[in-house]
Amino acid sequence: MGIMNKLFGWLKGKKKEANVLCVGLDNSGKTTIINYLKPNDAQQVDIVPTVGFNVEKVTMTNLSFTVFDMSGQGRYRVLWSHYYKETQGVIFVVDSADKLRMAVAKDELDQLLKHQTIMNKRIPILFFANMDVQNSLSAVKCSQLLGLENIKEKPWHICASNAKTGEGLSDGMHWLSDQLQTVK
Ligand SMILES: Nc1nc2c(ncn2[C@@H]2O[C@H](COP(=O)(O)OP(=O)(O)O)[C@@H](O)[C@H]2O)c(=O)[nH]1
Ligand SMILES: [Mg+2]
């Protein structure tokens with residue numbers, strides 16, 4: 001996979017690790033996206049499902065993704081701050097076909113952004129308007145409904161994607177990779 005090789009390439013060069021948090025409502029496509037990004041060659045991949053609340057940790061060489069479902073698990077929110085502290089970048093996935101829950105996704109995004117640890121970091125946030133299917137909302141429309149123009153303190157980017165075909169994923173990951181390179 002070209003994009004992951006590129007990521008691995010610069011990470012190796014810099015000999016540092018990057019922790020990326022992948023969040024969104026349940027069923028927005030997070031697991032499918034991460035699976036698509038996994039290299040299909042011999043590269044080592046560890047998946048550690050964490051017991052207690054729904055967290056997946058996927059490690060590829062020196063890139064690690066922590067994936068969790070937001071919403072419905074509010075009682076675990078206090079535990080998430082542990083992941084916020086380690087994070088250098090966020091992937092926020094919304095199901096662009098799920099118009100009814102777009103407002104819930106916005107609430108979760110707002111909670112994330114106003115969390116003390118996230119508020120104090122200038123980390124890049126990549127949005128995937130996932131499930132680019134017929135009748136789904138455009139990336140522009142999702143960005144309006146999520147109020148992304150209000151994010152002033154962090155670089156952000158939104159891409160329409162289809163995690164099943166991989167469409168749009170490499171666009172987004174290229175952007176994130178470029179952003180991570182400029183993070184001190
Ligand atoms: N049509 C379509 N289906 C998708 C897409 N991404 C995920 N799915 C499906 O949506 C369901 C939920 O995806 P999953 O990755 O488990 O969501 P998660 O709960 O956010 O991890 C699964 O049945 C996926 O196969 C997409 O881009 N397009
Ligand atoms: Mg999942």
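## Ligand shell, salt bridges and strands

User: How many salt bridges does the structure hold?
Analyst: This is a predicted model. A pair counts when a side-chain nitrogen of Lys or Arg lies within 4 Å of a carboxyl oxygen of Asp or Glu. The number of salt bridges in the structure is 5.

User: Which residue forms a salt bridge with Lys30?
Analyst: Lys30 sits in helix α2, and the pair links distant parts of the chain. The partner lies 39 residues apart, in strand β4 (residues 63-70). The closest N and O atoms are 2.7 Å apart, and the partner is Asp69.

User: Is Lys30 buried or exposed?
Analyst: Buried means under 20% relative accessible area. Lys30 has a relative accessible area of 3%. Because 3% falls under that cut-off, Lys30 is buried.

User: And Asp69, buried or exposed?
Analyst: The same cut-off applies: under 20%. Asp69 has 16% relative accessibility, so Asp69 counts as buried.

User: How far apart are the closest N and O atoms of Lys57 and Glu86?
Analyst: These two residues form a salt bridge. The limit for such a pair is 4 Å. The closest N and O atoms of Lys57 and Glu86 are 3.8 Å apart.

User: Which elements does the pair of Lys57 and Glu86 link?
Analyst: The salt bridge joins Lys57 to Glu86. The pair links distant parts of the chain, 29 residues apart. Lys57 lies in strand β3 (residues 55-60), and Glu86 lies in helix α3 (residues 77-86).

User: Why does Glu86 count as partly exposed?
Analyst: Partly exposed lies between under 20% (buried) and over 50% (exposed). Glu86 is in between, because its relative accessibility is 30%.

User: Which residues are linked in a network of salt bridges with Asp98?
Analyst: Asp98 forms a salt bridge with Arg101, the closest N and O atoms being 2.8 Å apart. Asp98 counts as buried at 19%, while Arg101 counts as partly exposed at 25%. The residues linked with Asp98 in the network are Asp26 and Arg101.

User: In what sense do β3 and β4 pair?
Analyst: Val58 has Phe65 in β4 as its bridge partner. The two strands pair over 6 bridges. The sense is antiparallel.

User: How many bridges join strand β1 to β4?
Analyst: Strand β1 spans residues 18-25 and runs parallel to β4. Leu21 stands opposite Thr66 in β4. The number of bridges is 8.

User: Which helix gives the largest share of the shell around ligand 1?
Analyst: There are 15 residues around the ligand, and those that come nearest include Lys30, Thr31 and Thr32. The shell divides into 4 nonpolar, 7 polar and 4 charged residues. The largest share is 3 residues, from helix α2 (residues 30-37).

User: How much of the accessible area of ligand 1 does the protein cover?
Analyst: Oxygen atoms of ligand 1 lie 2.7 Å from a polar backbone atom of Asn27 and 2.7 Å from an N or O atom in the side chain of Thr31. For the side chain of Asn162, the distance is 3.2 Å. Ligand 1 has 580 Å² of accessible area on its own, and the protein covers 73%.

Conventions:
Residues are numbered from 1 along each chain as its sequence is written. Chains are lettered from A and ligands numbered from 1 in the order in which they are written. This is a predicted model: local features need pLDDT of at least 70, side-chain atom pairs count only at pLDDT 80 or more; totals for chains, interfaces and linings use all residues. Side-chain values use heavy atoms; hydrogens and water are left out. A residue is near a molecule or strand if one of its heavy atoms lies within 4 Å of it. A polar contact is a pair of N or O atoms within 3.5 Å; within protein, one must be able to donate a hydrogen and the other to accept it, and residues adjacent in sequence count only if both atoms are side-chain atoms. Accessible areas come from the Shrake-Rupley method with a 1.4 Å probe; for residues, only the protein chains shown count as cover. Helices (H or I, at least four residues) and strands (E, at least two) are DSSP runs, numbered from the N terminus. Ala, Val, Leu, Ile, Met, Phe, Trp, Tyr, Cys and Pro count as nonpolar, Asp, Glu, Lys and Arg as charged, and the others, Gly among them, as polar. Buried means under 20% relative accessible area, exposed over 50%, partly exposed in between (1.4 Å probe, protein chains only). Two strands pair if DSSP finds at least two bridges between them.
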